[in-house]
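This briefing is meant to be read alongside the sequence and the coordinates. The points after the display are grouped by topic.

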Amino acid sequence: MTAWFKRTDKGIQTATEDKKDTPKGLWYKTPSGKIIDTEELKKNLYVSPEDGYHVRIGSKEYFELFFDNNTFTELNENLTSKDPLKFEDTQKYPDRLKEAQAKTKLKDAVRTAVGKSLGKDLVIAAMDFSFIGGSMGSVVGEKIARAINYSIEHKIPFLMISKSGGARMMEASLSLMQLVKTSAKLAQLADAKIPYISLCTDPTTGGTTASYAMLGDINIAEPNALIAFAGPRVVKDTTGKELPEGFQRSEFVLEHGFLDAIYERKDLKKMVNLYIDLIQNLPIRK
């Protein structure tokens, strides 16, 4: 009798389409080397329970976090970038945009929406780093400006969630103009005495930091987020000096007075709405 564990057929071949691969995305490895099941990570708001590492998330996840029952109305969702400068580097700008839109299913690097958060209306602009590095171009500036207009018109508090590599080089000076436009709109929001909370997430750099990200009535951040104008590598190469440990991370930035507080992701909804109630001198929601 042939033992059950002996192969009776030799030279078994499996068709390529029938081969079984390990499904991608079942596990996530944090920079500290901790391994976590992705479903467990999602349930924990994309924060590793082993080491507290905050995985980068996008507008979809932040809207789920802040809006009650994930119910909201998106604002100006169909705005898309043009190519006024006819820019081309390794590929034409319109081709790069189409590629990013197909890959991310997003129209550009920011989404804006209005909905209830702890039962009260809130306008949120949330950036997506997956779309050309969260770069700030004309559409990003315009959508943020229109969201602020909506806040002013309807007297609704405004939350900006920044996650950006800076101004979009393919739009050159047009992208830099967005710093002025968004800052001017925030000045109008302040004149209207409507609360503005700025949340800096990893990374918040370049023109974003030089404009709306640092202009909140309250400026807060997630743990260990990179918050800077020029990144650490650029600073090190420019100065030729070794940088302090944790340089430009949110804890370092808080210690040096550029932030008001750092909150873990699980506390963000409660704390943002607490600040709004305090600024407006209203009963604190629970």
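The model is a predicted one, and in it Asn76 belongs to the loop that runs between strand S3 (72–75) and helix H3 (93–104). Although Asn76 is not a glycine, its phi is positive, at about 50°.

**Backbone geometry**

- Most residues other than glycine have a negative phi, and most peptide bonds are trans.
- Lys193 is placed in the loop between helix H5 (172–191) and S7, and it counts as exposed because its relative accessibility is 73%.
- The peptide bond that leads from Asp202 to Pro203 is cis, with omega near -5°, and Pro203 itself is part of strand S7, which covers residues 196–204.

**Overall architecture**

- The chain contains eight helices and nine strands, and its C-alpha trace spans about 90 × 50 × 45 Å along the principal axes.
- Of the 286 residues in the chain, 43% count as buried, while the accessible surface comes to about 16000 Å², with 53% of that area belonging to carbon and sulfur atoms.
- Among the contacts in the chain with a separation of 6 or more, 67% are made by residues 24 or more positions apart.
- There are 41 positive and 38 negative side chains, and the centres of these two sets lie 3 Å apart.

**Aromatic rings**

- A search of the whole structure finds six aromatic pairs, one of them formed by Phe247 and Phe252, which is edge-to-face with 5.4 Å from centre to centre and 70° between the planes.
- The pair of Tyr263 and Tyr275 is tilted, because the planes of the two rings stand at 55° to each other, and the ring centres are 6.3 Å apart.
- Tyr263 lies in the loop between strand S9 (261–262) and helix H8 (268–279), whereas Tyr275 is in helix H8, so this pair ties together parts that are twelve residues apart in sequence.
- Tyr263 and Tyr275 are both buried.
- Phe63, Phe67 and Phe72 are linked into a cluster by ring pairs.
- Arg56 lies over the face of Phe129, at a distance of 4.5 Å from the ring centre.

- Ser151 belongs to helix H4, which covers residues 138–154, and it is buried because its relative accessible area is 0%.
- When neighbours within four places in sequence are left aside, Ser151 is in contact with Val123, Ile156, Pro157, Phe158, Leu189 and Ile194.

- Arg233 is located in helix H6, residues 232–239, and counts as exposed because its relative accessibility is 61%.
- The C-alpha atom of Arg233 is separated by 9.4 Å from that of Leu243, a residue ten positions away along the chain.
- Glu251 is located in helix H7, residues 250–255, and is partly exposed, with a relative accessible area of 36%.
- Between Glu251 and Ala261, which are ten residues apart along the chain, the C-alpha separation is 8.9 Å.
- Not counting residues up to four places away in sequence, Glu251 touches Pro223, Asn224 and Ile262.

- Ile35 is found in strand S2, which covers residues 35–37, and, leaving out residues up to four places away in sequence, it touches Trp27, Tyr28 and Lys29.
- The C-alpha atoms of Ile35 and Thr182 are 40 Å apart in space, and these two residues are 147 residues apart in sequence.

How values were computed. Residues numbered from 1 in each chain as written. Predicted model: local features only at pLDDT ≥ 70, side-chain atom pairs only at ≥ 80, totals over all residues. Heavy atoms only, no water. Helix = DSSP H or I, 4+ residues; strand = E, 2+ residues; numbered from the N terminus. Buried < 20%, exposed > 50% of the residue type's maximum accessible area, 1.4 Å probe, protein only. Contact = heavy atoms within 4.5 Å. Areas by Shrake-Rupley, 256 points an atom, 1.4 Å probe, with all protein chains shown as cover. Lys, Arg positive; Asp, Glu negative; His and termini not counted. Charge placed at Lys NZ, Arg CZ, Asp CG, Glu CD. Phe/Tyr/Trp six-rings, centres within 6.5 Å; stacked < 30°, edge-to-face > 60°. Lys NZ or Arg CZ within 6 Å of the ring centre and 35° of its normal.
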